[in-house]
Amino acid sequence: MIYKLPDITQEIKVSDPFKDCVLKREPYAQVLTKIIEDAKGGVIALNGKWGTGKTTFVKMWKVYLEKNDFTCLYLNVWDNDYSVDPIIPLMAQFYELFNSKLKEKSLNNYLAKGAKVTINILKPIGKGVLKKLTGIKADEIVEGVDEALDESIEQLAKYGESIINKAIEEKKDLVAFKKELEKMVNVANEKSDKSETDNTLPKKPIVCIIDELDRCNPHYAVLVLERIKHLFSVEGIVFVLSIDKEELENSIRGYYGSDLIDSPEYLRRFFDIELKLPIPLDNKFIDYVYKTMDFENVMNNRQRINARVGKERENLGKIIKLLLSKDVPSLRMIEKYMNYLRLVLAVERPSRTIQADSIAILLYIKYLYPEFYYNISHRKYSLSELFNQIDSIFDISFFVDSNTNSINRVLAFSLTEIICSYNSSEYGQEIEPFLYQDSTNSQLKLRNIPQDLWNDIINWKKRNSFDLFPLNQVIENIELIGNMIV
């Protein structure tokens, strides 16, 4: 069975928004809240790699903010990048907010001025654009605006593209819209429960969370930045943009068609503060995935088939945590890796295969070092070359626990098992003897393993004279499953 982790954002508890947060990120939410609490306005970039749980975090944070009497908006711009221009979904978000807080008559000026700016930007495509994309009927805005729309459309149609571009640049319309927006924000803030009863409390800004910006097409992503900065960036609104900055920088370069553009400097024009959403370095998420994907059941089945794999469960847990703590991959990659690993372990017959921890190492190599994995799977290396490649990837930091200064014996034995399986013929015989003290190749050794441990490994090999399972048969199963799920 292919497992998918549940979407915990579907049932965020209002009383305790971060209760189900596996990564225990509430302290980050508290820090962010303090940062924006007294802010007059501005744009904050919340940076994190794809697959690091940004969307889950900002959705929980939105509920957390609302619990603490903030007015919040959430807009997934990737869901809206089909629209003509981001001004439409942005206007719709604020219209919905104001419409829930203010009387209809109070919205007239905002909508009228917003409609004029929108028409200027969107070219003469008709007054129906607002109704089509936001549900706002132009003829319901205010008496007289309908005529203004018709006049604007006729004028823009008459003078063509040059007039449109000129209209966009006219500061008069833009300034008028921003002033009206700021006025609406002030009125909306005055309607908050606590500011009405306690005038000593400072007005909290409206927080507008923009998510998935880095996943939009480059043109739309740039337009979102420009519309926020030039149209919606007013006192009383704090925009929080949840982004993968590196990917957004790639979008900037794609938009301008040049790798020479200084995209980090370009983005600094739009962001007032840049913050990072860290990935926790503990094993909480790994434990959560292990439990949710029911690895216990798989390992129980393996042990029932072959008692020799009795220590697999313990060794597998140690290896997974060791590997995934070194390169700190994205949470999405951890989920994908462990799903893949679970399927391989479920399909493999433990009576005829290498240990689960060794399979976990092979999959780790496949994900992070694909060229190395390819050369292993296609037997491109001599035995000495294989030793050298393993030494280059699994350096001393893998073998020595920095906290206890102890040696990781499980990793040493697992890597040796992979080498032995690589060195095994299809009939389970050694191709090139090397794990014997009297062997001509006794100088072959993983250099990051202490000599006394290496001697233990040699003795282990002597005691276990069973045939080794050829590595190519394990890799065939890995590739077969990979072709089906990737």
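**Exercise 1.** How are α16 and α23 oriented to each other?

*Solution.* This is a predicted model, in which local features need pLDDT of at least 70, side-chain atom pairs count only at pLDDT 80 or more, and totals for chains, interfaces and linings use all residues. Residues are numbered from 1 along each chain as its sequence is written, and side-chain values use heavy atoms, with hydrogens and water left out.

Step 1. Identify the elements: helices (H or I, at least four residues) and strands (E, at least two) are DSSP runs, numbered from the N terminus. Helix α16 covers residues 331–347 and helix α23 residues 471–485.

Step 2. Take the angle. The two axes come within 10 Å and cross at roughly 130°; axes are lines fitted to C-alpha atoms, for helices over the stretch in contact, and angles run from 0 to 180 degrees between N-to-C directions.

Step 3. Classify it. Angles under 35 degrees count as roughly parallel, over 145 as roughly antiparallel, 65 to 115 as roughly perpendicular and the rest as oblique. α16 and α23 are therefore oblique to each other.

**Exercise 2.** Which residues of α16 and α23 meet?

*Solution.* Step 1. Contact means heavy atoms within 4.5 Å.

Step 1. On the α16 side stand Tyr 340, Leu 343, Val 344 and Val 347; they meet Asn 477, Ile 478, Glu 479, Ile 481, Gly 482 and Ile 485 in α23.

**Exercise 3.** State the order of the strands in the open sheet and find its edges.

*Solution.* Step 1. The sheet has 5 strands in the order β2-β3-β4-β1-β5, with parallel pairing; two strands pair if DSSP finds at least two bridges between them.

Step 1. β2 (72–76) and β5 (273–276) each have a single partner strand, so one side of each is left without a neighbour in the sheet.

Step 2. Between β3 (residues 206–211) and β4 (residues 237–243) there are 5 bridges. In one of them, Cys 208 is partnered by Phe 239 of β4.

Step 3. Helix α10 (residues 218–232) packs on the sheet and touches β1 (42–47), β3 and β4, its direction making about 170° with that of β4.
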